[in-house]
Amino acid sequence: TEQLIAVVVDGFSPEQIALTARLTRIVLPAQVFFIFGGLIQANLQARRVFGPLALMPLLYNGGIIAGGLIGARFGAIAGFNWGALVGAFLGALVVPAWSARGRLAFRFTWRPSHPEVRRFLWTALPLMIGVSLTTVDEWLGRYYGSHLQAGSISWLNTARRLMLVPVGLVGTAAGQATGAWIAGLYAERRFDELGSLLGRALAAVIGLSMVLAAFVAVRAESVVALLFEHGQFGHDDTVRTAAALLPYACGISAWAVQAVVTRALYATGDTWRPMLATSAVTLASLPLYGWLFQWDIVGLAAAGSIGMVFQVVVLLWLARGTLGLRLRPIGGALLRSAVVAVVAGAAAAGAGGWAGGLATKSLGRGSLSAAIDLGAAGCAWLVVVVVVGRWLGLPGLKEASERLQRRLKGRASADSAGAPR
């Protein structure tokens, strides 16, 4: 472990390498839970059972948060790692295994010559040996960040994780939900429906991710302050993290789209071409990271967003040929979404800046002022998204609002049914 860490972050001191190795060994067994739980999750998704998939990140991240809070009481940073281990065990393995009761029956066997084993290895090999910016971006951030000012890796990783929140809400969720359907349509040779489904999913992801990205970009500092400016995380840390979050926010839509396209290609068994394409883009992006490194963590974040845009372009071109994806409607969705995002972002910047400025003058800088800033900005942003989005036909807005209405009606019906008469 020490030798591998010295390669990944060669700017670390021996003391930092030793600490990182100890923390790595704590969380390492979590990979076993993800692997075995992932096999069960795949079977459940094929049966259109998505509940365990929705619970997994909640339990996993909840474990990290709980472990960090407990560790903070004892001054032990390892609390985060123990929390991640427990969260992975519960969310990635226990919940799927419990949900699979009565649905799946399996037994352990050793038959490496089985045709399905060979087929699996041939399909999964590209995912094992290939590289993609979805993972390499974090590696490069740690590698170059280890040569920068102390705290740079934490600032960059914090900004990156904040960027991945809207990506997970929109892109990852859409990719996981549509993957099973695309696999079924492809197996049934219903290619027209497949291309139409993927096109609608991508248009919705572009629309929703762009308006979310606009909000994150214009209120980056307030978002970081509300969530992280506590304890030893001071205002300077907030400023540095927000500076990296801005270029990351500009790539949110690209990150979200690639989450859908890659899963769609994998669902059809096409793993070799995406692997070769993403590996080529990753290798071509290496000089970009080296060049933008001179602009500190802001340059590294910008390199990640730029590289992801190139990766999405290549993946969309592959999907155009394999999945029958029509790119012209995607371009129209991109244009409408950009207009709504700009107007909504301007409204959020104006309302948040005004309310946040007043709150800071009367209350001082802190979480409460940041919350007031984000509350005003969020209201203005939401009004513009709904009004202008409906007028311009923002992709995904109608579906999201209808889904929210159905859930609210269903909850209201359940509450009324359970209320005393």
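Predicted model: local features only at pLDDT ≥ 70, side-chain atom pairs only at ≥ 80, totals over all residues.
Residues are numbered from 1 along each chain as its sequence is written, and side-chain values use heavy atoms, with hydrogens and water left out. Local features need pLDDT of at least 70 and side-chain atom pairs count only at pLDDT 80 or more, whereas totals for chains, interfaces and linings use all residues.

Helices (DSSP runs of H or I, at least four residues) are numbered from the N terminus. Axes are lines fitted to C-alpha atoms over the stretch in contact, and angles run from 0 to 180 degrees between N-to-C directions. Helix α7 (residues 133–145) packs with helix α13 (residues 272–292) at an angle of about 25 degrees, the axes being 11 Å apart. The two helices α7 and α13 are therefore roughly parallel to each other; angles under 35 degrees count as roughly parallel, over 145 as roughly antiparallel, 65 to 115 as roughly perpendicular and the rest as oblique. The crossing of α7 past α13 is right-handed, a term that applies if the near helix is turned clockwise from the far one by less than a right angle. On the α7 side, Leu133, Val136, Asp137, Leu140 and Tyr144 meet Val281, Thr282, Ser285, Leu286, Tyr289 and Gly290 of α13, contact meaning heavy atoms within 4.5 Å. Seven nonpolar, three polar and one charged residue make up the contact of α7 with α13. In this classification Ala, Val, Leu, Ile, Met, Phe, Trp, Tyr, Cys and Pro count as nonpolar, Asp, Glu, Lys and Arg as charged, and the others, Gly among them, as polar.

Helix α7 also packs with α14, their axes coming within 10 Å and crossing at roughly 160 degrees. The pair α7 and α14 is therefore roughly antiparallel, and the crossing is right-handed. Leu133, Thr134, Asp137, Gly141, Tyr144 and Gly145 of α7 make this contact with Leu300, Gly304, Gly307, Met308 and Gln311 of α14. The contact of α7 with α14 comprises four nonpolar, six polar and one charged residue.

Helix α15 (residues 327–363) and helix α16 (residues 367–392) have axes that come within 7 Å and cross at roughly 155 degrees. Helices α15 and α16 are therefore roughly antiparallel to each other, with a right-handed crossing. The residues in the contact of α15 with α16 are 20 nonpolar, five polar and two charged.

The model holds nine aromatic pairs, defined as rings of Phe, Tyr and Trp (its six-membered ring) with centres within 6.5 Å. Tyr143, Tyr144 and Phe293 form one aromatic cluster.

Valine 165 lies in helix α8 and counts as partly exposed, with 46% relative accessibility. Valine 165 and glycine 366 are separated by 201 residues in sequence and by 23 Å in space, C-alpha to C-alpha.

Conventions: Phe/Tyr/Trp six-rings, centres within 6.5 Å; stacked < 30°, edge-to-face > 60°. Buried < 20%, exposed > 50% of the residue type's maximum accessible area, 1.4 Å probe, protein only.
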